[in-house]
Amino acid sequence: MDRLQCMRVFVKVAETASFAEAARQLHMSAPAVTRAVASLEEATGARLFVRSTRSVKLTPSGSRYADDCRRILGDIDEAEASAGGSHATASGILTITAPVLFGQIYVVPIMTEFLSQHPAVTGRALFFDRMVNLVEEGIDVAIRIGHLQDSDQQAVKVGSVRRVVCGAPGYFERHGEPTTPADLARHVTIVNTGSSAPLEWHFAPSHAPVKLHPRMYCNTVGASIAAAVTGWGLSRMLSYQVAEHLAAGRLKTVLEEYEEEPLPIHVVHVEGRHVSAKTRAFVDFVAQKIKALGL
C-alpha cells in the first residue's frame, strides 16, 4: 500500500474513531487497515493512536499528523480536480461551519436548498460556538460573527447583529425596567458561561463596563434564553438568537440606546490558487441568502 493510500486510511480511522468502521467505509479488510496505520507509525516513528477494547483515540502526535495528512490529501485532490476540469462543476464534499444557533436557524435551510440545486455535492455541517481553524479542520466555508483578524482568508460581509439585553414582560412587571446600564446591578442576571467569577457587560464607549454578579450561569445559549423566557431574569444575547421570541412577545429588549456597535457577519473561505466550484458556488449562494434576511 503506497504512502498516500495509508494516509487516507489513517484519516478515515481518525474521523470514525474505529478501525472496523474505517474498514467498512473504505471497503477494506480490518487487517489491511491495521497494516496501513502500522506502516505510518513505523515511517514516522510515532504512535498515532491509543487503542483499547472500547475506543480508538489519536495521540497528540497523531492529531498533528492527521491535520498534516488532511492538508496534503486536500492539495492532491484539488490539483487532480483542477487538472480534470471538475473545478468548473460543483461536486464533492462541502464542509461548512457556523455558530450553533445561527447554523441551526439560518444555515441549515440555506445549505439544504443549495444541495438540492447541486446533486453532485454532499454537505457536511459543523456548528460550534468557538473559532475553528479552517485549514486544520478541513473546512471550506465559515460563517463568522464578530470582527475578523487579518489573515489569508477571503471574507464577504453579509450583515450584522446587535448585542441586546432582554427579559420577559412578566419580569419587567415585577421588577421594572433598567433605564441605564448601572441599573443592572439591582437586577437578576443570567449569563452564558461556565465561569463563577464576576462578569462585565460592555455598552457604548461613553459608559463604563457594568460588573455583574449573576444569579445563574448557563453553558449554552439556548439554556440562557429558556431561563429568560420564564421571566426569572435578564440575559444578554445576539439579536438573531432571540429574534423569534422578540417577535412573539415572549421577550423584550431594554437599554437599546446604550448598545455597542453591531457585530459584522462574514462569509469566509480560505483563498487558494484554485477555489473549487463547490466553494465558489456556495459562497455566492449563502452570501446572497443571508443578505436577503436583512440582518
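Predicted model: local features only at pLDDT ≥ 70, side-chain atom pairs only at ≥ 80, totals over all residues.
Trainee: What makes α1 and α3 roughly perpendicular?

Mentor: Helix α1 (residues 3-16) and helix α3 (residues 30-44) pack at an angle of about 110°. The range for roughly perpendicular is 65 to 115 degrees. The pair therefore counts as roughly perpendicular. Their axes are 9 Å apart.

Trainee: Which residues in α1 and α3 meet?

Mentor: From α1 come R3, C6, M7, V9, F10 and V13. From α3 come V33, A36, V37, S39, L40 and A43. By class, the contact has ten nonpolar residues, one polar and one charged.

Trainee: How do you know that K12 and E15 form a salt bridge?

Mentor: Their closest N and O atoms are 3.7 Å apart. The cut-off is 4 Å, so the pair qualifies. Both residues lie in helix α1, three residues apart, about one turn of the helix.

Trainee: Why is E15 called partly exposed?

Mentor: Its relative accessible area is 45%. Buried needs under 20% and exposed over 50%, with partly exposed in between. So E15 is partly exposed.

Trainee: What links the side chains of E41 and R51?

Mentor: A salt bridge, at 3.1 Å from N to O. E41 lies in helix α3 and R51 in strand β1 (residues 49-51), so the pair ties together parts that are ten residues apart in sequence.

Trainee: Which parts does the salt bridge of K252 and E177 tie together?

Mentor: The closest N and O atoms of K252 and E177 are 2.4 Å apart. K252 lies in strand β13, and E177 in the loop between α6 (169-175) and β8. The pair therefore ties together parts that are 75 residues apart in sequence. K252 is partly exposed at 37%, and E177 is partly exposed at 35%.

Trainee: How many salt bridges does the structure hold?

Mentor: Eleven salt bridges. R163, R236 and E260 are linked in a network of them.

Trainee: What makes β11 and β13 edge strands?

Mentor: The open sheet has the order β11-β8-β12-β7-β13, with mixed pairing. β11 (216-218) and β13 (252-254) each have a single partner strand, so one side of each is left without a neighbour in the sheet. Neighbouring strands are turned by 40° against each other on average, direction ignored.

Trainee: How do you know that β8 and β11 pair?

Mentor: Pairing needs at least two bridges. Strand β8 (residues 189-192) and β11 have three, in the parallel sense. The pair therefore passes the cut-off. I190 has M216 in β11 as its bridge partner.

Trainee: Which helix lies across β8, β11 and β12?

Mentor: Helix α7 (residues 221-229), running at about 165° to β8.

Trainee: Why is β14 called mostly covered?

Mentor: Strand β14 (residues 263-270) has eight residues, and seven of them are buried.

Trainee: Which way do β5 and β6 run against β14, parallel or antiparallel?

Mentor: Five bridges join β5 (residues 141-145) to β14, and the two run antiparallel. R144 has H266 as its bridge partner there. Eight bridges join β6 (residues 153-161) to β14, again antiparallel. Q153 has V270 in β14 as its bridge partner.

Conventions: Residues numbered from 1 in each chain as written. Heavy atoms only, no water. Axes fitted to C-alpha atoms, helices over the stretch in contact; angles between N-to-C directions. Helix = DSSP H or I, 4+ residues; strand = E, 2+ residues; numbered from the N terminus. Parallel < 35°, antiparallel > 145°, perpendicular 65-115°, else oblique. Contact = heavy atoms within 4.5 Å. Nonpolar A, V, L, I, M, F, W, Y, C, P; charged D, E, K, R; others polar. Buried < 20%, exposed > 50% of the residue type's maximum accessible area, 1.4 Å probe, protein only.
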